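The following exercises ask the student to read a protein structure step by step. Each task is followed by a worked solution.

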Amino acid sequence: MDEKQIAAAVDGLPLNRWEYHAQVTSTNDIAAAWLGAGQPAPALVVADEQTAGRGRQGRSWYTPPSSALALSLLLDADIAASQFGRAPGLGGLAVCSALEALYGLAPHIKWPNDVLLDGKKVCGVLAEAQWSGNQAKGLILGIGINVAARSLPPAKALSFPATSVEGALGQPVDRAELLGAVLGQLFDWLERLDSADFLAAWQQRLAYLGQPVTLAIGAAAPPLQATLRGLAADGSLRAELADGRQKDFAAGEITLRPAAK
């Protein structure tokens, strides 16, 4: 994937700026620097390799060269202020919709920010907002997709089973084509971010919906056993606890896993 292919993939999208880098620490770092310098949104950075890619809760994201998609989209401050809880779903829905449309795959979203194929992680989404006091400055939506098998980290580094698009599909994937499809879906869903349709589409693709799950709340608290019931309007997870009570959890509070069988 080269700059010419990316130019074709982003052609017609409402971007104020885009850049391609052969290697970066993290695409979110580039987007954050742009935001600090006053770059108008939307703006896109794409990288072939990340040397210090980041995931949720301080985890690292492995992006070796020529094997994955790594991108960050800088979005407006009003999204960070009013719809931050839905932002991970925006990235997840864009990836799911692209995989469905291009390849006929059946992905699911492991709340709040992972896309699964056959129960294994193929994509991670990292939403980061910048604030000045109580005023939002902007939202950065980072997306990493395992395209080729060599994009997977070593097995000992995995905290959850992982796969690649090519592994699930059984054939090579054009990364530039996938990039264009993801971005097109992302801008389409962005227009409906505050709608009931958006929430319904996200919930329809939730992994483990109606199933027993384990919710880990920090290192000190014992994990909770619950049944996943869906989403609250702000994008929080709605779960039914063992005593029958329903409770909503924000993305920063918990780690979700399927219940052990």
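**Exercise 1. The chain as a whole**

How many helices and how many strands are there in the chain?

*Solution.* Before counting, note the basis of the exercise: this is a predicted model, in which local features need pLDDT of at least 70 and side-chain atom pairs count only at pLDDT 80 or more, whereas totals for chains, interfaces and linings use all residues. Residues are numbered from 1 along each chain as its sequence is written, and side-chain values use heavy atoms, with hydrogens and water left out.

Step 1. Helices (H or I, at least four residues) and strands (E, at least two) are DSSP runs, numbered from the N terminus. The chain has seven helices and 13 strands.

Step 2. The radius of gyration, taken over C-alpha atoms, is compared with the globule rule, 2.2 Å times the number of residues to the power 0.38. The chain has a radius of gyration of 18 Å, close to the 18 Å that the rule gives for 261 residues, so it is as compact as a globular protein of that length. The C-alpha trace spans about 55 × 45 × 35 Å along its principal axes.

Step 3. Buried means under 20% relative accessible area, exposed over 50%, and partly exposed in between (1.4 Å probe, protein chains only). Of the 261 residues, 51% count as buried.

Step 4. A contact means heavy atoms within 4.5 Å. Among the contacts with a separation of 6 or more, 65% are made by residues 24 or more positions apart.

**Exercise 2. Two residues in loops**

Where is leucine 206 placed, and which residues does leucine 206 touch beyond those up to four places away in sequence?

*Solution.* Step 1. Leucine 206 is in the loop between α7 and β9 (212–216). Its relative accessible area is 4%, so leucine 206 is buried.

Step 1. Setting aside residues up to four places away in sequence, leucine 206 touches His108, Ile109, Trp111, Leu228, Gly230 and Leu231.

Step 2. Proline 112 is 94 residues from leucine 206 in sequence, yet 9.2 Å away in space, C-alpha to C-alpha.

Is alanine 148 buried or exposed?

*Solution.* Step 1. Alanine 148 lies in the loop between β8 and α5 (165–169). Its relative accessibility is 4%, so alanine 148 counts as buried.

Step 1. Apart from neighbours within four places in sequence, alanine 148 is in contact with Ser67, Ser164 and Glu166. Alanine 148 and glutamate 166 are 18 residues apart in sequence and 5.4 Å apart in space, C-alpha to C-alpha.

**Exercise 3. Backbone angles**

What is the omega of the peptide bond from alanine 41 to proline 42, and what is the phi of serine 66?

*Solution.* Step 1. The bond from alanine 41 to proline 42 is cis, with omega near -5 degrees. Proline 42 is in the loop between α2 and β2.

Step 1. Tryptophan 111 and proline 112 are also joined by a cis peptide bond, with omega about 0 degrees. Proline 112 is in the loop between β5 and β6 (114–117).

Step 2. Serine 66 has phi near 60 degrees, a positive value in a residue other than glycine. Serine 66 lies in the loop between β3 (60–63) and β4 and is partly exposed, at 38% relative accessibility.

Step 3. Tyrosine 208 has phi near 70 degrees, again a positive value in a residue other than glycine. Tyrosine 208 is in the loop between α7 and β9 and counts as buried, at 14% relative accessibility.
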